Amino acid sequence: MKRKVYYMRNKNVWILVLGVLLIISAGLFIIQYVNPGNDTADPEEQDTQENTEEKPNIEQQNDADGNEHFSVQHTEYPGEVAPNFSAEELIEPPSVNWITNGGNIFNGRYSPLEGIDTSNVSDLKAEWVTSMGTGLEFKYSGESTPLVYDGVMFNITGDNHVTAINATTGEFIWEYKPKLTENLDTLCCGWATRGVALGDGKVFVPLLDARLVALDQETGEVLWETVVDEWEKGYTITSAPLFYDGKVYTGVAGGEYGIRGYVAAYDAEIGRQIWRSYTLPAPGEQGSETWPEDSRNWLTGGAPVWQTPAIDPELGLIYFATGNTSPDLDGSNREGDNLYSDSVMALNANTGEYEWHFQEIHHDIWDYDLANPVVLFDVEMEGEMKKGIAQAGKTGWVYILDRTNGEPLIGIEEKPVPQNENQKTSPTQPFPVGDAFVPQGVTDEDVKRDLPDDFDGKYGDIFTPFWDEPVTVKPSPQGGANWPPSAYNPNTELFYVLGNDNYFSYAHYAEDEENKFELGKEWLGSVWQPVEQSPSRGTVTALDIKTNKIVWQNDWDTIAYSGILTTAGNLIFTGHNDGRIIAYDATNGEHVWEFKTDAGANAPPITYEVDGKQYISIFSAGNSLAGTQHGDKIYTFSLEGEFESLEDISEEDVITSPVSEEMDFNQGKEEDKGEVSVDEGVKVYENNCLSCHGAEGAGGHNGPTLQNTNMDREQLIQQIKEGSGGMPGFEGQLTEEEIEAVTEYIMSLSEEDG
């Protein structure tokens, strides 16, 4: 009753208001009718306007030093911002999230998630597939481990394109792409970056031209940028950084360029260096006695750091493994053990001060550098809990140490090895007790079975030295274990490692003038190359962490070049060169599931959980040194996935960036001008061939020397187009003009050599 009275009393007011509204509506109608940009405008013009309004705001920006980068945000950030992770959070095995490159700061790549296990893994299907849109040229390799925090995934491609992606849908949230230095040519092994770091609301990005960048986690905008070193001198960064205790840790690559290796810590808030610890001792420092006196080896001796370190907060130590000496293959002018090359090292995480080391190869002349990440583990041995650290070597052994002091947990014996006076070889080498996970020598039976009929070279076992006459040995410079990360499962107490088994020959040519040290130039000291027409094989191996003995092993007919994930579901996942992501029973190695992607699956898989649902993801983009099909996609799987095979995934199903073409830098080289000519052959070669065949056709990591090729012009063109012998074909990837140009360049190398 009261409402009715109130309405009647205000009736006149309501009539007045209604009249005013009618007048306003009529006015708006007239305005819209005469306005060409309104809703009644031509439909095509209306669509154009809507598309313009919806287009992401892509910005090409410059930082304080004038470095260009693209940045674009597609959607609002949907998750929580990562905190300044505590030590407890960082040592927790990854379950819901995957917040460091190795899963946690122990680098074990083990997840306690068990929603996907041996009983249901066969039901895994692809949930979503996202195309990164970059890194498709052959020089790029997809080696990164994505990170996941609160439903958002962060990934980086071979040309340093960083993305934030919705981890449940694959949709882009933001993208960042830097312009890398023009003419960047100090990358021994192709263009590859193995991941980013996360913490305190920032994404920490390593750039191949030796810069370190911090991005805003929610927007991808640059917060700070630091020059770590000079790429022109051979310093690059390929490993993922590590965030811990307000610091960002990174090592430098470049062992093939006569660098002085080191690990450094940077303040995560402002990017300034806190400490730097060199892996080559200066004269008078501990370890300098293992180098010749009055030499400059400590400035050019190598010992890079190829991988992400591990940290034990309780001990306050940071652990990493160092790479080869420089020059790689010539020991004639660096008599001694050459510390701290080819060593596992422990430093004080706050100060960078030396704590201990263990050298796996004394006076390395075989490029047996320690490329595999160290893994920390705790295990009971003989009734006592031990703090262990394991490192899988190119030698084909796993080195298992006490991480409190660097002493072997399982025996490692110094044994005599063959000698060569010219190479100043070490009289002994460390031999771990246990099993090798790849063959460690070339036998008469191997030669008969695997090598060409006209092979008549010398061959031998591991640590066989060489000089003027070529010698074929195993393992090769590819390993054993290369960079693809190993994993440890505390439930099975097994250590899982990928191995390579192929034939390489070494010979010496150190007196050549072209092989003298020159700043920023590749410096190998000798020549190596795979034995042509010989097979390459791989192994997937589980070793007992308490005995270093093989529990099970699977053999592959190609090198194993991806990385391993293991879970509480009693599974391991790994990628194959032919594009398959494969699951094995972690206890016995039984093959239980696979899915074939459209490119070489040459990066480590991860797992995470959102809203109680477990996912498995892998960046499948191919690899230059593995010679695999290139691509650009992240494949993510679940038990509720829709796509059972690659054939079920249409182009419309693949999520793509709407701005991939606009975020395009001609990375690492000057802009091409006009049609490709013969003079452009060098550029084509450097972008597609250098990582395998080496600078000027010699000293590559996977392909034969081209300076003495016996192919004629037509045979070269056919080989480039179609590929064979582990080399992929480039028809369709290179234009006819580019193929002609690179053919002329390769022929000129042979002519110069002649």
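The views below come from a predicted model.

Figure 1. The chain has 754 residues, and buried residues make up 60% of them. Among the contacts with a separation of 6 or more, 63% are between residues 24 or more positions apart.

**Figure 2. An open sheet of 4 strands, β17 to β20.** The strands follow the order β17-β18-β19-β20, and their pairing is antiparallel. The edge strands are β17, residues 310–312, and β20, residues 354–359. Each edge strand pairs on one side only. On average, neighbouring strands of this sheet are turned by 20 degrees against each other, direction ignored. As a general rule, strands of a sheet pair through backbone hydrogen bonds, either parallel or antiparallel.

**Figure 3. The pairing of β19 with β20.** Strand β19 covers residues 343–348 and runs antiparallel to β20. The two strands are joined by 5 bridges. For Ser343, the bridge partner in β20 is Gln359.

**Figure 4. Arg403 in a loop between two strands.** The loop that holds Arg403 lies between β23, residues 398–402, and β24, residues 412–416. Is Arg403 buried or exposed? Arg403 counts as buried because its relative accessible area is 0%, and the cut-off for buried is under 20%. Leaving aside residues up to four places away in sequence, Arg403 touches Phe106, Asp312, Leu315, Leu317, Tyr319, Trp356, Leu376, Phe377, Asp378, Lys387, Gly388 and Ile389. One of these residues, Asp312, belongs to the edge strand β17 (310–312). Another of them, Trp356, belongs to the edge strand β20 (354–359).

**Figure 5. Lys474 and its polar contacts with Asp501 and Tyr503.** Lys474 lies in the loop between β27, residues 471–473, and β28, residues 487–489. Lys474 is buried, because its relative accessibility is 1%. Which side chains make polar contacts with the side chain of Lys474? One is the side chain of Asp501, in a polar contact of 2.8 Å. Another is the side chain of Tyr503, in a polar contact of 3.3 Å. Not counting residues up to four places away in sequence, the residues that Lys474 touches include Tyr368, Pro439, Gln440, Gly441 and Val442. Gly460, Asp461, Ile462 and Asn502 are also among the residues touched by Lys474.

Terms used:
Residues numbered from 1 in each chain as written. Predicted model: local features only at pLDDT ≥ 70, side-chain atom pairs only at ≥ 80, totals over all residues. Heavy atoms only, no water. Buried < 20%, exposed > 50% of the residue type's maximum accessible area, 1.4 Å probe, protein only. Contact = heavy atoms within 4.5 Å. Pairing = 2+ DSSP bridges. Axes fitted to C-alpha atoms, helices over the stretch in contact; angles between N-to-C directions. Polar contact = N/O pair within 3.5 Å; in protein donor to acceptor, adjacent residues only side chain to side chain.
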